[in-house]
Amino acid sequence: MTDEEKRLTIENKRLAREVKRLKKDNDILRVANEQSANTQAYFQRSLTKQASYITEFLRSAPYFMLITDDRLRTVMVSDQYFKYPHSLTKEEVLQGVDAKRLLSDFFYGPALSILLEKCRLCLAGKEIKPYMQYLIKDGRRFAIEVNIRPMMEDSKITGLSILQLDMTEIVSNMEQARAADRAKSNFLANMSHEIRTPMNVITGMSEFILRDSHDEEAKKHASSIKAASKSLLSIINDILDFSKIESGKMDFVNDPFMTSSMINDVATMMRIRIQDKPLEFRLEADEDIPVMLFGDEGRIKQILINLMTNAIKFTKKGYIRWSVRSVKVDDGHCRLFVEVEDTGIGIKHENIEKIFSDFTQVDTKRNRSEEGTGLGLAISQRLAEQMEGKLGVKSVYGKGSTFFFDILVRVEDWTPMGKLNEVHSEQTADIYRPSIVAKDARILVVDDNEMNLEVTAGILEPYGIEAACADSGEKALEMYEPDKYDLIFMDHMMPVMDGVETMKKIRKLPGGKDAVIIVLTANALSGAAVEYKKMGFQDFLAKPLDPKNMDRIMRAYLPPEKIIES
């Protein structure tokens, strides 16, 4: 074979290999082309599907939604726009028109200007929070929530989405709920006033008989009247407290308090209640409990008294055991753990959950003679929960029950409380004696009810005070003179000119700014004291008048030089 033939043979083989490689590359290109076509078809189907979804979303969305470009020209709008009187067709919207033209079908005047300004700010990169816009159209008032959000592409604002939610019905329902809540509060205040006003007379008069009468039979009857009045008042307070808890308006007044004083106060009350019963009262207080805590002492006592009163009520013989201990949570808090055990009638297993229900008393056939609203445990449970704790019960029917709860409290002083210095009351009659005498004190009592004037004057009598009385706000203004009275007790609910109006008019008179005016009211709803102080009263006394609270007021506000310790 010649050299030329050899060269041609080699070239032919090389060309054959090249043809083979080209065929292979062609196959690869063909497959790649097919894959590209498939991918394009997939994306096209996806885009079509997405467009279909968007179209369906805009068609069926129950609210008005507008999408614009970065020049505030329309891109698309939900079909809600076309359900109301409108000036644009769907084709016009899709072709793009000034959003102001479309929005003017819904908004007008200042409302439209505000919306467009917020749109411009959003396009400039400022966050726009949802806001409410109120409109009146065709005699109807509409409440519209407007949401403006930027449309983003590669971190750049390319347009806006403007969402408008019709909140008219929701706002209307909220306003109705608020009106109902106000009506409920007014009803409770009126109910409190109407019941407490005669209760003030009943308890006051029974107090006078106990204090002044020498007839033992009369004193016995008066004591029964006073005890019954306290039971009725307790029921009223339960209902009022429950209403406040239910509406989320229960007030907590947190202050430092001595742990031992709180325990002793409740223990003393319980011993008085069982002194005529064949019951043993056992108190087990851990000596390591911090000496001073910070919280609402009154609400803690309320839970304790509710639980122990229940135990006493349903225990005929045996014992009531009250134990209290604490566990440190962190450097500033501890958790109080309390148990109240009794040897009473117990609770059936199927009734355990029911006892915490509102207005529920279980085993009513057996407990028919026991008074109460069935709210005490429900209130106690909710109070414990609001103090970051819980309340529960273990019981064996016919053998007794153990109620237990825990609450979180702040610690003011970690020093151990030590052994309780228990104070045992030997009272045989519930008669209160003032701790001071103030014969030179000058006091004006303002009340439109003649019997209430008599009760208040009678409670002041043991202090050696002869009070001046006014039966109306107008009369009080006539009797007022600068520096004439050390204290003014002012009834709230009076006809023509009520106590608040009278107080405000006195404040405008010479020396009136410094006058000490204590509101005397049957409105004893939770939080009332704070509200009356905000109005301008120095302090608050609830009817029925508690002589102990009167003593506190006298000590706090009478000039020290007029007070003589009795």
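Here are some notes on the fold, the salt bridges and a few individual residues of this predicted model.

1. **Ground rules.** The model is predicted, so local features are given only at pLDDT of at least 70 and side-chain atom pairs only at pLDDT 80 or more, while totals for chains, interfaces and linings use all residues. Numbering runs from 1 along each chain as its sequence is written, and side-chain values use heavy atoms, with hydrogens and water left out.

2. **Overall make-up.** The protein chain has 14 helices and 19 strands. Of the 566 residues, 42% are buried. Here buried means under 20% relative accessible area, exposed means over 50%, and partly exposed is in between (1.4 Å probe, protein chains only).

3. **Surface and contacts.** The chain's accessible surface comes to about 31900 Å², and carbon and sulfur atoms own 53% of that. Areas are from the Shrake-Rupley method with a 1.4 Å probe, and for residues only the protein chains shown count as cover. Among contacts with a separation of 6 or more, 65% are between residues 24 or more positions apart. A contact is heavy atoms within 4.5 Å.

4. **Salt bridges in general.** The count is 20 salt bridges, taking one as a side-chain nitrogen of Lys or Arg within 4 Å of a carboxyl oxygen of Asp or Glu. Some of them form a network that links Glu284, Arg321, Glu339 and Glu341.

5. **Two bridges within helices.** In helix 4 (residues 109-123), Arg120 and Glu117 are three residues apart, about one helical turn. Their closest N and O atoms are 3.6 Å apart. Arg120 is partly exposed at 45%, and Glu117 is partly exposed at 38%. Helix 8 (residues 297-313) holds the pair Lys301 and Glu297, four residues apart and again separated by about one helical turn. That bridge is 3.6 Å, N to O. Lys301 is buried at 17% relative accessible area, whereas Glu297 is partly exposed at 22%.

6. **A bridge between elements.** Arg552 and Asp539 meet in a salt bridge of 3.3 Å, N to O. Arg552 is in helix 14 (residues 547-557) and Asp539 is in strand 18 (residues 539-542), so this pair ties together parts that are 13 residues apart in sequence. On the accessibility side, Arg552 is partly exposed at 38%, while Asp539 is buried at 8%.

7. **Positive phi.** Two residues other than glycine are worth a look here. Ser155 has a phi near 65°, a positive value. Ser155 sits in the loop between strand 4 (140-153) and strand 5 (156-166), and is exposed with a relative accessible area of 72%. Val496 has a positive phi near 70°. The loop holding Val496 runs between strand 16 (487-491) and helix 12 (499-508), and Val496 is exposed at 76%.

8. **Helix 7.** The length of this helix checks out: the 16 residues (259-274) should span 22 Å at 1.5 Å a residue, and the end C-alpha atoms are 23 Å apart, which agrees. The expected span is 1.5 Å times one less than the number of residues. Buried residues of helix 7 include Met262, Ile263, Val266, Met270 and Ile274, along with Asn264 and Arg271. The packing partners of the buried residues in helix 7 are strand 6 (255-258), strand 7 (279-285), strand 8 (290-295), helix 8 and strand 9 (318-330).

9. **Asn147.** This residue is in strand 4 and counts as buried at 12% relative accessibility. The side chain of Asn147 makes a polar contact with the side chain of Glu145 at 3.3 Å. A polar contact is a pair of N or O atoms within 3.5 Å; within protein, one must be able to donate a hydrogen and the other to accept it, and residues adjacent in sequence count only if both atoms are side-chain atoms. Setting aside neighbours within four places in sequence, Asn147 is in contact with Pro130, Ser161, Ile162, Leu163 and Leu165.

10. **Met167.** Where is Met167? It lies in the loop between strand 5 and helix 5 (168-212), and is buried at 18% relative accessibility. Not counting residues up to four places away in sequence, Met167 touches Met132, Ala143 and Glu145. Met167 and Met132 are 35 residues apart in sequence, with a C-alpha to C-alpha distance of 8.7 Å.
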